[in-house]
Amino acid sequence: MEKLLKDLLMSDGISGYEENVAKIITNALSGICTSVETDNFGNVIGKISKGKKKIMIASHMDEIGMVVKHIDKNGYIYFIKVGGINDSILPGKIVKIINKKGAFITGLIGTKPPHLMTAKETKQPIVYTSMFIDVGLSSKNEVLKVLDIGDQIIFEPNAGVLNGDFYYGKAADNRISCYAMLKVMEALAKIEYLNAEIYACATAQEEVGLKGGKTSSFKINPDFALVIDTTIAGDMPGIEEKVSDLKLGKGVVITMIEASGRGTIVPQKIRKLMLEVALANNIPHQIDIIDGGMTDGAIVYTNREGILTGILSIPTRYIHAPTSVFNIKDINSTIDLAVKIIEKVAKEL
Ligand SMILES: [Zn+2]
């Protein structure tokens, strides 16, 4: 696995706590862009100036996680969830709490063992408010020496090769898209005749309401925005093909409608353009019409007087779990299609 991809997956950055992942992205963009800045909201925006038309690429850099809410007298830590997390995935998971000095404190999410549950309790799902984190310290005072109320909590960082082109990693949603965006910028920087000003924007706080996409697209006010995010792959037990026929390894996903239309409804002319470019360049691709879930695209395309927006997604298994699975070939086809779309938009749109 390439170091940049691994660093992005392993880095910490729940919504509102993106500083460390922002540093990795700023560093990578600095070598490619004419300017890189972090705005008031925490979005990282890199720019390549080659012409008039303004094109924005957006990938959110935040991940789902938790925040320390309360420490009891015996040193157990209670937390709030940040972003969409199903409580059933939490018990027994190893987490890292990141303190003000940047140290990673290891903890374990504990719950009452089944032996001591009442018959009624065993039938009910365990809610996160009855879970706690054990960091191996026995009093509130001891815990407060190493961490604070308000510190972020992430799932234990991991990233690697599962088998062949199948990779795994924490925070694949959406660090793999951040990686793709950086590679797209690298490729665009090498194109001399591109008549456009390209903005790469790593947005903050997407998982809690598409916030960074709102402020950054207002500021940039692009003629065209391309959002890159992950989407739910359907090639696993429990998901019927009619619900999702997206498969890992079958290519970049062209998203057309999100959340049954409550999210982005990609404009017809953008759908047509993206499909034509994929076909003309023989880029493996799949089409996504999805019932649930939305991306920064939903807020970008309704910003100002409406911003023309397209969405490319990378199919991913187990999104919003501690670790996800994806295929490197899909990342590569996403990069290829994004570059070709931007070339075409710069020329024609
Ligand atoms: Zn996402």
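Arg 304 is found in the loop between helix 8 (297-300) and strand 16 (309-316). Helices (H or I, at least four residues) and strands (E, at least two) are DSSP runs, numbered from the N terminus. The phi angle of Arg 304 is near 45°, a positive value in a residue other than glycine. Arg 304 counts as partly exposed, at 37% relative accessibility. Here buried means under 20% relative accessible area, exposed means over 50%, and partly exposed lies in between (1.4 Å probe, protein chains only).

The model is a predicted one: local features need pLDDT of at least 70, side-chain atom pairs count only at pLDDT 80 or more, and totals for chains, interfaces and linings use all residues. Residues are numbered from 1 along each chain as its sequence is written, and side-chain values use heavy atoms, with hydrogens and water left out.

Asn 221 sits in the loop between helix 6 and strand 13. Its relative accessible area is 30%, so Asn 221 is partly exposed.

The zinc ion is coordinated by His 60 through NE2, and by Asp 173 and Asp 229 through OD, at 2.0 to 2.4 Å. Donors are N, O and S atoms within 2.8 Å of the metal (3.2 Å for Na, K and Ca); water is not among the atoms, so sites may look incomplete. Along the sequence, the donor residues follow the spacing H-x112-D-x55-D. The two aspartates link distant parts of the chain: Asp 173 belongs to helix 5 (residues 172-189) and Asp 229 to strand 13 (residues 224-232), 56 residues apart. Asp 173 is buried, at 10% relative accessibility. Asp 229 is also buried, with a relative accessible area of 4%. A cis peptide bond joins Asp 173 to Asn 174, with omega at about 20°. Asn 174 is found in helix 5.

The largest nonpolar core has 71 residues, and Ile 25 and Ile 198 have the most contacts inside it. Such a core is a set of buried Ala, Val, Leu, Ile, Met, Phe, Trp, Tyr and Cys residues joined through side-chain atoms within 4.5 Å. Apart from it lies another core, of 20 residues, among them Ile 77, Phe 79, Val 135 and Leu 147. Neighbours within four places in sequence aside, Ile 25 is in contact (heavy atoms within 4.5 Å) with Leu 8, Val 44, Met 61, Cys 178, Leu 182 and Ala 202.

A cavity is a set of points where a 1.4 Å probe fits but cannot get out; a pocket is an open set with protein on both sides within 12 Å along at least five of seven lines; lining residues have an atom within 4 Å of a point. Grid points are joined across faces, edges and corners, and a volume is the space filled by probe spheres set on the points. The count comes to 1 cavity of 30 Å³ or more. The largest cavity has a volume of about 90 Å³. The zinc donor Asp 173 is part of the cavity lining, and other lining residues include Glu 63, Phe 155, Lys 170, Ile 319 and His 320. The lining divides into 6 nonpolar, 3 polar and 3 charged residues. In this scheme Ala, Val, Leu, Ile, Met, Phe, Trp, Tyr, Cys and Pro count as nonpolar, Asp, Glu, Lys and Arg as charged, and the others, Gly among them, as polar.

The largest pocket has a volume of about 310 Å³. It is lined by 21 residues, and the closest to its centre are Thr 230, Ile 232, Gly 293, Met 294 and Thr 295. Strand 13 gives the largest share of this lining, 4 residues. By class, the pocket lining has 5 nonpolar, 10 polar and 6 charged residues.

Ile 232 lies in strand 13. Ile 232 is partly exposed, with a relative accessible area of 39%. Beyond its neighbours within four places in sequence, Ile 232 is in contact with Ile 239, Ser 244, Leu 246, Ile 290, Thr 316 and Ile 319. The C-alpha atoms of Gly 212 and Ile 232 are separated by 22 Å, at 20 residues apart along the chain. Gly 212 lies in helix 6 (residues 211-220) and is buried, at 0% relative accessibility.
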